[in-house]
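Thanks for coming. I will go through one model today, starting with its rings and ending at its metal site.

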Amino acid sequence: MKIRADIAELLHAGHRDNAIAKQLGACPKTVARARAALGLPTDPAGRTVYDTLEDAFRAHTEPTDNGHLLWTGSFNSGVPTIRHKGHRHSAYLIAYRIGHGHDPQGRCRPDCGRPGCVAPGHVDDGPGRARTRDTYAAIFGEEAAS
Ligand SMILES: [Zn+2]
């Protein structure tokens, strides 16, 4: 079958069948057939299922031409968030794990000044930010990493 490029794009981005149908004015059955033809698995709500959290993370990011990685997924209270296999995860946390190879201590946030950036190298945890402040000779312990 012929798959509409706009439908394929939104399917690959992890959107739900009904949301895609509504956005593009397409029939939900057409979207479901396109999903099946592309070999994309779905959960009961019609969302794409990714094998790993990292795959799911990568599917919701978009690199900028100046080194940042913008989040294209949803936000929860301002935090980029992803649902994977029934659990909600902070995209900052996933980015930190990818960049550092271990879990963060405390909350993670991007340190690059670009809101919504989830580049693994730009996300740091509390102690990481404190070390950065040290490096720049800021006063250690001031305004404890929050
Ligand atoms: Zn950044």
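A search of the whole structure finds one aromatic pair. To count, rings of Phe, Tyr or Trp (for Trp, the six-membered ring) must have centres within 6.5 Å; planes under 30 degrees apart are called stacked, over 60 edge-to-face, and the rest tilted. Here the ring centres of Phe57 and Trp71 are 5.8 Å apart and the planes are at 35°, so the pair is tilted. Phe57 sits in helix H4 and Trp71 in strand E2, so the pair ties together parts that are 14 residues apart in sequence. Helices (H or I, at least four residues) and strands (E, at least two) are DSSP runs, numbered from the N terminus.

A word on the source. This is a predicted model: local features need pLDDT of at least 70, side-chain atom pairs count only at pLDDT 80 or more, and totals for chains, interfaces and linings use all residues. Residues are numbered from 1 along each chain as its sequence is written, and side-chain values use heavy atoms, with hydrogens and water left out.

Are Phe57 and Trp71 buried or exposed? Both are buried, meaning under 20% relative accessible area, where exposed is over 50% and partly exposed is in between (1.4 Å probe, protein chains only).

Now the core. A nonpolar core is a set of buried Ala, Val, Leu, Ile, Met, Phe, Trp, Tyr and Cys residues joined through side-chain atoms within 4.5 Å. The largest one has 17 residues, and Phe57, Trp71, Ile82, Val118 and Val123 touch the most other members. H4 (53–58), E2 and H5 (91–100) each supply at least two residues of this core, with the largest share, five residues, coming from H5. Apart from it lies another core, of nine residues, including Leu11 and Leu40.

Thr61, in strand E1, is buried at 16% relative accessibility. Beyond its neighbours within four places in sequence, Thr61 is in contact with Trp71 and Val118, among others; contact means heavy atoms within 4.5 Å.

Last, the metal. Which residues coordinate the zinc ion? They are His68 (ND1), Cys112 (SG), Cys117 (SG) and His122 (ND1), at 2.0 to 2.3 Å. Donors are N, O and S atoms within 2.8 Å of the metal (3.2 Å for Na, K and Ca); water is not among the atoms, so sites may look incomplete. Angles among the four donor atoms run from 104 to 116°, and the site is tetrahedral, which requires all angles to lie between 85 and 135 degrees. His68 is buried at 13%, and Cys117 is buried at 0%.

Technical notes: Tetrahedral: all angles 85-135°; square planar, octahedral: opposite > 155°, others 65-115°.
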